[in-house]
Amino acid sequence: MRGRTPFAVLVVVLLAAGLLGLLALNTALNEGSFELSRLQKQTTKATDEQQSLQHEIDQSSAPDALAKRAAELGMVPAGGMAFLDVPNGGKVIGTPGPAQDSPPVKKSSVEPWPVKASPGAQSPAPAQPSAQPSASPSPQPPAPPTGQAPPPTPAASAGDSVIQLNPVTSAPAQHGGGTR
């Protein structure tokens with residue numbers, strides 16, 4: 001009988017240790033699943049907020065919204081468009097022209113980039129204009145002759161191949177015939 005008692009005690013101790021180990025493992029797994037559930041809810045909330053903000057950006061970036069905002073700021077559509085073709089020796093493609101509007105263009109009272117004030121923060125005072133706009137439009141610099149290229153601009157030396165001088169509505173296709 002003496003030989004069986006230590007063996008029985010050893011088996012009982014091993015069984016108890018195994019059960020306690022399983023209990024600790026099960027507790028750790030449950031804590032992990034609760035953390036995973038919490039993080040999934042947080043991710044869903046952040047994704048919804050991101051999609052909402054992206055939708056707001058898309059609405060503000062739509063062409064009609066941009067045109068409306070530009071009109072509120074007193075901007076007018078551009079005149080003739082011209083492009084500087086840098087790879088082909090700086091050739092000017094198209095004929096530049098000034099924007100057409102009935103002068104004078106009245107100064108807008110709308111802030112160019114409205115700042116959303118946070119709660120408790122004071123909004124900055126609107127800037128006062130330093131000079132009154134003149135009643136006659138300012139003279140435009142003369143356009144370079146078609147055969148002569150204007151001096152390179154900083155953007156031209158930055159690696160751009162074609163530089164846009166005025167906004168594009170439809171680009172004129174004036175390329176030399178033939179293939180390269």
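**Reading a predicted chain by its cut-offs**

Of the 180 residues in the protein chain, 7% are buried. This is a predicted model, where local features need pLDDT of at least 70, side-chain atom pairs count only at pLDDT 80 or more, and totals for chains, interfaces and linings use all residues. Residues are numbered from 1 along each chain as its sequence is written, and side-chain values use heavy atoms, without hydrogens and water.

Reader: What makes a residue buried or exposed here?

Author: Relative accessible area decides. Buried means under 20%, exposed means over 50%, and partly exposed lies in between (1.4 Å probe, protein chains only).

Reader: Why is L19 called exposed?

Author: L19 has 58% relative accessibility. The cut-off for exposed is over 50%. So L19 counts as exposed. L19 lies in helix α1, residues 4–61.

Reader: What makes a stretch a helix or a strand?

Author: Both are DSSP runs, numbered from the N terminus: helices are H or I over at least four residues, strands are E over at least two. The protein chain comes to two helices and three strands. Their order from the N terminus is α-α-β-β-β.

Reader: Which residues form a nonpolar patch on the surface?

Author: L19, L22, L25 and L29 form it, with about 440 Å² of accessible area together. Patch residues have over 30% relative accessible area and no salt bridge; nonpolar side chains (Val, Leu, Ile, Met, Phe, Trp, Tyr) are joined within 5 Å, like charges within 9 Å. Areas come from the Shrake-Rupley method with a 1.4 Å probe; for residues, only the protein chains shown count as cover.

Reader: Why is the contact of R38 and E35 called a salt bridge?

Author: The rule asks for a side-chain nitrogen of Lys or Arg within 4 Å of a carboxyl oxygen of Asp or Glu. R38 and E35 meet at 2.6 Å, N to O. So the pair meets the rule. The two residues are three apart in helix α1, and therefore about one helical turn separates them. R38 is partly exposed at 44%, and E35 is partly exposed at 37%.

Reader: How many salt bridges does this rule give?

Author: The count comes to two. R69 and E72 form one of them, with the closest N and O atoms 3.2 Å apart. These residues are three apart in helix α2 (residues 63–72), so about one helical turn lies between them. At 24%, R69 is partly exposed. At 35%, E72 is partly exposed.

Reader: How do you know that both faces of strand β1 are covered?

Author: Side chains in a regular strand alternate between the two faces of the sheet. In β1 (residues 82–85), A82 and L84 are buried on one side, and F83 and D85 are buried on the other.

Reader: What makes β1 and β2 a pair?

Author: Two strands pair if DSSP finds at least two bridges between them. β1 and β2 (residues 91–94) have four bridges, in the antiparallel sense. So they pair by the rule. F83 stands opposite I93, and L84 stands opposite V92. The hairpin has five residues between the strands, and G89 takes a positive phi near 80°.

Reader: Where is confidence lowest, and where is it highest?

Author: pLDDT is the predictor's confidence in each residue, from 0 to 100. It is lowest in strand β3 (residues 162–164), at a mean of 54, and highest in α1, at 95. The chain mean is 74, and 57% of residues reach 70 or more. Over residues 123–139, pLDDT stays under 50. Residues 152–160 also stay under 50.

Conventions. Contact means heavy atoms within 4.5 Å.
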